[in-house]
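Student: Can we go through this one together? I'd like to start with the overall picture.

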Amino acid sequence: MDIVEKSTKSAKKSWSFVEIALTVLLLLMTCAVVALVVLYTSQGAARIIQNMDPSASPCEDFYRYACGGWLNRHIIPETSSRYSIIDILSDELEIILKGVLEMPVDGNREAFRKAKQLYKSCINGSLIEERDSEPLLNLLDEIGGWPVATSDWGTTKEPDWSLETILPQLNAHYNKRVIVEMFVWTDDRNSSKHIIHVREAYLQFMIIIAKMIREDRNVTKNDTFVKEEMTKVLELEIDLANATAPPEERHDITKLYNRMTLPELQVKFDLNALSGTSMEEARWRECASYINSNMENAVGALYVREAFAGESKRMVKDLIDKIREVFIETLDELEWMDAASKQKAQGKALAIKEQIGYPDYILEEDNPRLDQEYEHLNFSENKYFENVLENLKAAAQKDLKKLREQVNQDV
């Protein structure tokens, strides 16, 4: 790796912090690229050739020349809006997860048992259909009801209803942020601490959902009322959308960083719009993806045991260590960097913490840490809706707990 640059100037220029950071980032990217080359060289070359169309002229249609083979062999599935190598790998991952999650639970440790229990509750579509909207209606009662879906909300619920009470309840128990999105994350200007981040967010309601809930509650049909109420929501959405920061500002972390105290937050905060999409998938795929997202370490351990090459992690770590060693040695050869900058660059390189594949503890049978991560979860194979609420509450508590903890930079 030759990064020596000869300079005609006699004076040495001190590197700025940004230049040092970029250099270290380049090292990290180099490690990633080389690691991928080591892991996939044998298959990668064959894939590249297979994905090409040599019959096309690269001078006339380079895209067809480079990707024509891929286009000829693949079509976009009806359940997807796009299709790429990432989607293929994701499909392969979900097939493996389906297999390990459907294995018997006998003799498994607690974390694995709960992951498979959650999967069984999710895959049981007939029971979910049988329970219909009952769990949702019970939940609405717990959070004070929904005026548009209740005929007597104004007399039975409104007198005791308080936005200041409901918002913290939705956050702490259901991990849902409405009006203002708040979450605990690393301080962008002090990576050793967590702080509360506030994002601009807005509510989105659907008239069809309101009508469905009114029908399930046997509330008198009143489409005019529903439309009027949803129109008010739409007007709120428009007002909030108008308060949205421009896209270019949302990509600039310095413009989004506005740290303030809680009293200051009560006086002034901004609003922003969120959007999302949903795709219709096979039930087992949806369930495998959900379990993986909510119990990633437990599912990760099952996956690693089934499909991960044993020596791959050690090989990549050795490779990264050698690249870092050579990078540090090469610093001494740079004539355009002064001693202070070299020392800072070396410190940055030594501070890089590699995260390869998976944390070792998830495979250690005598290490209780994996089971402890899920000890507060109580699932039922017959109550998928309630299991989802369990996960939401656990995620909220885990998020809020980080506020008083130092950032663990090893994970």
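Student: What share of the protein chain is buried?
Tutor: Of its 411 residues, 31% are buried. Buried means under 20% relative accessible area, exposed over 50%, and partly exposed in between, with a 1.4 Å probe and protein chains only. This is a predicted model: local features need pLDDT of at least 70, side-chain atom pairs count only at pLDDT 80 or more, and totals for chains, interfaces and linings use all residues. Residues are numbered from 1 along each chain as its sequence is written, and side-chain values use heavy atoms, leaving out hydrogens and water.

Student: How many helices and strands?
Tutor: The protein chain has 19 helices and two strands. Both are DSSP runs numbered from the N terminus: helices are H or I, at least four residues, and strands are E, at least two.

Student: Now G68. Where is it, and is it buried or exposed?
Tutor: G68 sits in helix α2, residues 62-73. It counts as buried because its relative accessibility is 0%.

Student: What does G68 touch?
Tutor: Leaving out residues up to four places away in sequence, G68 touches N51, M52, D53 and Y63. Contact means heavy atoms within 4.5 Å.

Student: How far apart are G68 and D53?
Tutor: They are 15 residues apart in sequence, and 4.7 Å apart C-alpha to C-alpha.

Student: Switching to I86. Which helix is it in?
Tutor: I86 is in helix α3, residues 85-101.

Student: And why does I86 count as exposed?
Tutor: Because its relative accessibility is 54%.
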